[in-house]
Amino acid sequence: MADKKIKFSVFADLHYKYMMYAPTVEDLDKILKRANENNVDFVIHYGDFCNDYIGSPELYNSYLNNKYGLEVHGIYGNHELESNNNSMSFVTPKLTNGKENNWGTFERKIGDGNIAYYYFDKNGFRIICTDTNYSFNHDFSAWEHNRTCSYGPPADNSLRESLGEKQLKWLEAVLLDAAQKELKCIVFSHASFSGIWGSSPDTAKVKDLFAKANNIRKGTVIMAINGHYHTNHLTENNGIVY
């Protein structure tokens, strides 16, 4: 089989909110302009794109309906639901203009937006977009997503910045399916799975899933990319670049 190739542009933590933070729509356009000049297959942000979606149509419209005709994607950071009334049902459809997304719902459709993790296949690659905004609610013995008008989980919840049990099972199925189909996987998250510092509590479980897929077919999972920490770091572990 010929070597698979893909080119994409990535960025994280734009933290746009008009009259509160420094980034502008013009800054976003510079990112998109450069991506277009480099003839990328898609653009993706991996969280904290916007701190107030309801108040920022100028931003998400410039992204989703960009003048370059670029396919764009995004995932949840911990600030996506920060401002008043920024519910998942409103924000999730504003993450991506992709037409071939397979969402983590039973029907693989976006549904009501309360499931925000998804994947799509392109050029022999599987691009997996996760949501590290789950925490464990001990009162109800249940996993809970960050709530509307918050930039973190409820104070009493533990295992912050997790995928949660349901999403881990979904991720396993998606990775093992990719291994069977000879697709190379790149996994995007807001919190890290590198295990270096500040990583998701699910890091060990995720790495076990990566290893399980790679044991089926070597080189299935090749890279995991995250945002959140406002700095750069790179490491390689068991043939996977983080």
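**Reading strands, helices and cysteines**

Author: Let us begin with strand β6 (residues 125-129), where 5 of the 5 residues are buried, so the strand is largely enclosed by the rest of the structure. Please keep in mind that this is a predicted model.

Reader: Which residues of β6 lie on one side, and which on the other?

Author: In a regular strand, side chains alternate between the two faces of the sheet. In β6, F125, I127 and C129 are on one side, while R126 and I128 are on the other. Both faces are covered, as these residues are all buried.

Reader: How should I read the pairing of strands, and in which sense do β5 and β6 run?

Author: Strands of a sheet pair through backbone hydrogen bonds, either parallel or antiparallel. Here β5 (residues 118-122) and β6 run antiparallel and are joined by 5 bridges. K122 stands opposite F125 of β6. The two strands form a hairpin with 2 residues between them, and N123 in the turn has a positive phi of about 55 degrees.

Reader: In which sense does β6 pair with β10?

Author: That pairing is parallel: 5 bridges link β6 to β10 (residues 184-189).

Reader: Which strands are joined to β7 by bridges?

Author: Strand β8 (residues 142-145) runs antiparallel to β7, with 4 bridges between them. N137 stands opposite A142 in β8. The hairpin of β7 and β8 has 4 residues between the strands, and S141 takes a positive phi near 50 degrees there. Strand β9 (residues 158-162) is also antiparallel to β7, joined by 2 bridges; S158 in β9 is the bridge partner of F136. As for burial, both faces of β7 (residues 134-137) are covered, with Y134 and F136 buried on one side and S135 and N137 buried on the other.

Reader: What is the strand order in the open sheet of 3 strands?

Author: The order is β1-β2-β3, and the pairing is parallel. β1 (8-11) and β3 (72-74) each have a single partner strand and stand at the edges, so one side of each is left without a neighbour in the sheet. On average, neighbouring strands of this sheet are turned by 20 degrees against each other, direction ignored. Between β2 (residues 42-45) and β3 there are 3 bridges, and I44 has H73 in β3 as its bridge partner. Helix α1 (residues 25-37) lies across β1, β2 and β3, running at about 160 degrees to β1.

Reader: How should I read the length of helix α4, and which of its residues are buried?

Author: One may compare its reach with the span expected at 1.5 Å a residue. Helix α4 (residues 165-180) has 16 residues and reaches 23 Å from its first C-alpha to its last, close to the expected 22 Å. Its buried residues include W170, L171, V174 and L175. Just after α4, E182 takes a positive phi of about 60 degrees.

Reader: How many disulfides does a search of the whole structure find?

Author: A disulfide is a covalent bond between the sulfur atoms of two cysteines. The search finds 0 disulfides. The cut-off is a sulfur pair within 2.5 Å. The closest cysteine sulfur to that of C149 is in C50, 14 Å away, which is too far for a bond. For C185 the closest cysteine sulfur is in C129, at 12 Å, again too far for a bond. C149 counts as partly exposed because its relative accessibility is 42%, whereas C185, at 0%, counts as buried.

Terms used:
Residues are numbered from 1 along each chain as its sequence is written. This is a predicted model: local features need pLDDT of at least 70, side-chain atom pairs count only at pLDDT 80 or more; totals for chains, interfaces and linings use all residues. Side-chain values use heavy atoms; hydrogens and water are left out. The expected span of a helix is 1.5 Å times one less than its number of residues. Buried means under 20% relative accessible area, exposed over 50%, partly exposed in between (1.4 Å probe, protein chains only). Two strands pair if DSSP finds at least two bridges between them. Axes are lines fitted to C-alpha atoms, for helices over the stretch in contact, and angles run from 0 to 180 degrees between N-to-C directions. Contact means heavy atoms within 4.5 Å.
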